[in-house]
Each structure stands twice: as C-alpha cells, then as structure tokens.
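Student: Please show me how to read a structure of this kind, one feature at a time.

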Amino acid sequence: MTISPDLSVAATAVGGVLAAYLLLGEPWLGRRMYASLARRRAVEPGALVRYFTFTIAAWWAFAALTVAALLLSPGTSAADLGIAAPDDLTFAVPLVLLCSVAAALSGRHFRDLAKEGKHVPGRAAIAAMLPRTARERRFAMAAAVTDGVCAELVYRGLLIAFGVGALGLPLYAAAALSLAVYALAGWYQGGTGIVVFGLFGALLTGLYLASGSLLVPIAVHVALSARDLTIPAPEAPCAEGGTA
C-alpha cells in the first residue's frame, strides 16, 4: 500500500486540530464521560441514551471534518484516506466473512455465559454502557456502526494521511503514530483498556495496510463493536427497580 496525500494549509490545520484533540482531549473526556455514566446509570433511566446520543453526534462531526480536510485538498485523492475498494477482493471478502463469523460465534458464547451467571470476558470494563431496554439496544447498535465507520475514517484514514502528508513520516511510522493515539482512547477503561485498544487497533491498522481500503477494518470494527454492545448487562442495581 502507498499513499501520497498533498494536504492544503487549511486541511493541515483541520487535521492538526483534530489530531491534537484525539491525543490530548479524547482520553481525558472519554474517561470523565464514562465515569459520569457509571455513576448516573442506576438513578437516571435516560443516562445511557444521552451518552450514546452525544458520542454518535461527536463522531459524525469528526467524520465530517475528515471529509472537509479531503475536500480542501485538491491534490489529495479519496484513496489517500483509504476511501477506495480493497486492492484484492479475494483476500478482503473471505477475511471480513471470517471475522464476522468469529464475532457472531464469540458473541453467542458471551451471551450464554451471561445467562449461566458466569464470568464474561471484558464485560466489567464496559458494564455501564451495556443496554437493558429495547430503546437502549437501538442506540447501542447505532453507536456500534458509528464507532466502526467514523473511528476508522478518523484514526486510520485521516491520521495516517496527516502523518504522511503533513508530518512527512513514512507510511508505517505514520500508522504506528495513529495506533498510539488510538490506544490512548481506551484510557476510560484504565490501563488494561489502553492495552486492549492497542491490540485491537493493531489488528485494524494491519487490515487497512494489507487491503489498501478502510472498508475492511470498518466491517470488522462494526462487527466486533456490535458484538460487545449486545452482551447482556449485569443485573441492574436496586436503585433502578429492575433486573437485567
């Protein structure tokens, strides 16, 4: 895979501001928002819907800024941001299908563990954002799709192009830098979250570099986010007046 983004001054400014926020603001804000959600979840029935609404709106705004950076740079093609078909469909399609099946099977296993009252790997770290009602589940699925599409467009698409076109980094160095920024977004789950996000981000970055298209990591990201956000929530606290 090769890219040669020629970012305009305006696009560089947009990319720089967004990159600075993702590096310095997103980890801190994400941690504060999740901690607030965890405190309010038991006493405010609409807390989770408001949380998802804000995050969905914010990520589509970031995606819009990414598209704006592209439109502001006549010398940059959509493919420089990964907006293109995979280089080899015989590689991409089976891989996406395999990951989707793995996500579905592991999701079913997690749900079975929850029904049996057994430990579900990773559930405790995201317990506050797991839906309990039909309305919350609809917002959770919208958040999963948003996360898959927008995070890939911003972290893998824009940040790698920014690293190459604005910072003058080699492709793989720019990819490593974007991966480090993405890993920090997992700080809302603590130190373990940074490690998990780092490993997950490494998978997605590898899929992007191998396929030359964001469509592959987007599909995998959506499948795994949807799996995680459909894990049954732990039993609701008594303050909510109900059970999971």
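Tutor: Begin with the record: UniProt positions are given here in the numbering of this structure, under shortened feature names, and its annotations may be inferred rather than shown by experiment. Residues are numbered from 1 along each chain as its sequence is written. This is a predicted model, in which local features need pLDDT of at least 70 and side-chain atom pairs count only at pLDDT 80 or more, while totals for chains, interfaces and linings use all residues; side-chain values use heavy atoms, with hydrogens and water left out.

Student: Where does UniProt place the feature "transmembrane region"?

Tutor: The unreviewed UniProt entry gives this feature at residues 6–24, 48–71, 91–110, 158–188 and 194–220. Residues 48–71 are 100% helix and 0% strand, with their end C-alpha atoms 35 Å apart. For residues 194–220, the content is 89% helix and 0% strand, and the end C-alpha atoms lie 19 Å apart.

Student: Which residues does the domain annotation cover?

Tutor: In the unreviewed UniProt entry, "domain: CAAX prenyl protease 2/Lysostaphin resistance protein A-like" covers residues 140–224. Over that stretch the chain is 84% helix and 0% strand, and 13 Å separates the end C-alpha atoms.

Student: What volume does the largest pocket have?

Tutor: Rolling a probe the size of a water molecule over the atoms shows where empty space is left. On a 1 Å grid over the protein atoms alone, a cavity is a set of points where a 1.4 Å probe fits but cannot get out, whereas a pocket is an open set with protein on both sides within 12 Å along at least five of seven lines; lining residues have an atom within 4 Å of a point. Grid points are joined across faces, edges and corners, and the volume is the space filled by probe spheres set on the points. Here the largest pocket has a volume of about 1000 Å³.

Student: Which residues lie nearest the centre of the largest pocket, and how many line it?

Tutor: The lining comprises 41 residues, and Met 129, Asp 147, Tyr 188, Gln 189 and Phe 197 lie nearest the centre. Helices H1 (9–40), H2 (47–71), H4 (134–165), H6 (191–211) and H7 (215–228) each give two or more residues to this lining. H2 gives the most, with eight residues. By class, the lining divides into 28 nonpolar, nine polar and four charged residues, where Ala, Val, Leu, Ile, Met, Phe, Trp, Tyr, Cys and Pro count as nonpolar, Asp, Glu, Lys and Arg as charged, and the others, Gly among them, as polar.

Student: Is Leu 48 buried or exposed?

Tutor: Relative accessible area decides (1.4 Å probe, protein chains only): buried means under 20%, exposed over 50%, and partly exposed in between. Leu 48, in helix H2, counts as buried because its relative accessibility is 0%. Its contacts (heavy atoms within 4.5 Å) beyond four places in sequence are Leu 37, Arg 41, Ala 128, Met 129, Leu 130, Pro 131 and Glu 136. Met 129 is 81 residues from Leu 48 along the chain, yet their C-alpha atoms are separated by 6.4 Å. Ala 64, also placed in H2, is partly exposed because its relative accessibility is 45%.

Student: What does Gly 15 touch?

Tutor: Not counting residues up to four places away in sequence, Gly 15 touches Leu 158 and Phe 162. Gly 15 is in helix H1 and is buried at 0% relative accessibility. In contrast, Gly 168 lies in the loop between H4 and helix H5 (171–184) and is exposed, at 59%.

Student: How many disulfides does a search of the whole structure find?

Tutor: With a disulfide taken as a pair of cysteine sulfur atoms within 2.5 Å, the search finds zero. Cys 99 is buried at 19% relative accessible area, and Cys 150 is buried at 0%.

Technical notes: Helices (H or I, at least four residues) and strands (E, at least two) are DSSP runs, numbered from the N terminus.
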